[in-house]
Amino acid sequence: MILNNFKLDGRVAIVTGCNTGLGQGMALALAQAGADVVGVNVSAPDDTRVQIEATGRRFLDLRANLSDISSIEGLVTQALTLTGSIHILVNNAGIIRREDAIHFTEKDWDDVVDLNLKSVFFFSQAVARQFMAQGNGGKIINVASMLSYQGGVRVPSYTASKSGVMGITRALANEWAKHGINVNAIAPGYMATDNTAALRADESRNAAILERIPAGRWGVPADMAGPVVFLASDAANYVNGYTVAVDGGWLAR
């Protein structure tokens with residue numbers, strides 16, 4: 001049965017930045033599909049833990065600031081204590097800084113690029129090494145953005161980082177496919193999360209954005225559930241290096 005290919009029973013998924021928003025929605029979806037979840041967050045993911053454990057799956061709470069990549073190897077080691085294997089990595093943790101490009105600071109550049117892009121590469125590298133040691137392949141899912149395709153306004157470091165996420169998704173897929181490792185990305189459109197609170201609070205910007213989205217609404221974390229489970233599952237075994245837009249039709253407009 002084709003639906004069996006979407007099941008994640010017995011698998012372990014690491015999800016970064018899953019205490020709220022899109023990360024929480026994806027972590028919960030993976031648990032509902034059968035995976036145990038290792039959450040990597042700066043703050044306590046108490047609500048995420050409650051929701052995942054209510055599905056009957058296990059949740060391991062790890063804390064780290066991924067802007068410092070020195071913690072990554074230790075996080076992978078700790079994740080292995082759950083079952084001894086890792087099968088899925090979702091690189092979701094990220095931040096955004098808004099300022100006119102003419103005034104943008106080096107700190108705002110480095111803070112965003114270090115977390116949104118540098119940590120994605122090095123976490124993927126560490127987990128891919130574990131996948132290769134296990135010998136059974138694995139799934140890496142990066143979180144890109146509409147600004148992987150477009151320039152945006154007042155978010156130069158975010159645009160650069162998310163364009164880079166799409167690029168390294170392709171590059172890593174090219175190198176690691178021979179090991180049975182699928183590397184793909186999801187590009188959320190305009191989602192109702194903390195990162196977009198300022199946009200949604202601006203009446204004129206909010207109206208302009210909604211007018212451009214064919215679906216006529218902002219996305220919500222649950223909209224990420226189907227795509228992340230698909231890309232994490234055997235159903236996506238021949239999908240590699242691709243970025244799936246989950247945008248309500250924004251790019252088609």
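**Close-up 1. Arginine 11 in the segment before strand 1 of a predicted model.** Arginine 11 lies in the segment that precedes strand 1 (12–16), where strands (E, at least two residues) and helices (H or I, at least four) are DSSP runs numbered from the N terminus. With a relative accessible area of 18%, Arginine 11 is buried, a term that means under 20% relative accessible area with a 1.4 Å probe and protein chains only. Not counting residues up to four places away in sequence, Arginine 11 touches Ala35, Asp36, His87, Ile88, Ala232, Ser233 and Asp234, contact meaning heavy atoms within 4.5 Å. This is a predicted model, in which local features need pLDDT of at least 70 and side-chain atom pairs count only at pLDDT 80 or more, whereas totals for chains, interfaces and linings use all residues. Residues are numbered from 1 along each chain as its sequence is written, and side-chain values use heavy atoms, with hydrogens and water left out.

**Close-up 2. Helix 1 and helix 8.** The axes of helix 1 (residues 21–32) and helix 8 (residues 225–232) come within 9 Å and cross at roughly 55°, axes being lines fitted to C-alpha atoms over the stretch in contact, with angles from 0 to 180 degrees between N-to-C directions. The contact is made by Met26, Ala29 and Leu30 of helix 1 together with Ala225, Val228, Val229 and Ala232 of helix 8.

**Close-up 3. Helix 3 and helix 4.** The axes of helix 3 (residues 72–83) and helix 4 (residues 106–134) come within 10 Å and cross at roughly 40°. Helix 3 contributes Ile72, Glu73, Leu75, Val76 and Leu80 to the contact, and the residues from helix 4 include Phe122, Phe123 and Arg129.

Note on methods
Buried means under 20% relative accessible area, exposed over 50%, partly exposed in between (1.4 Å probe, protein chains only).
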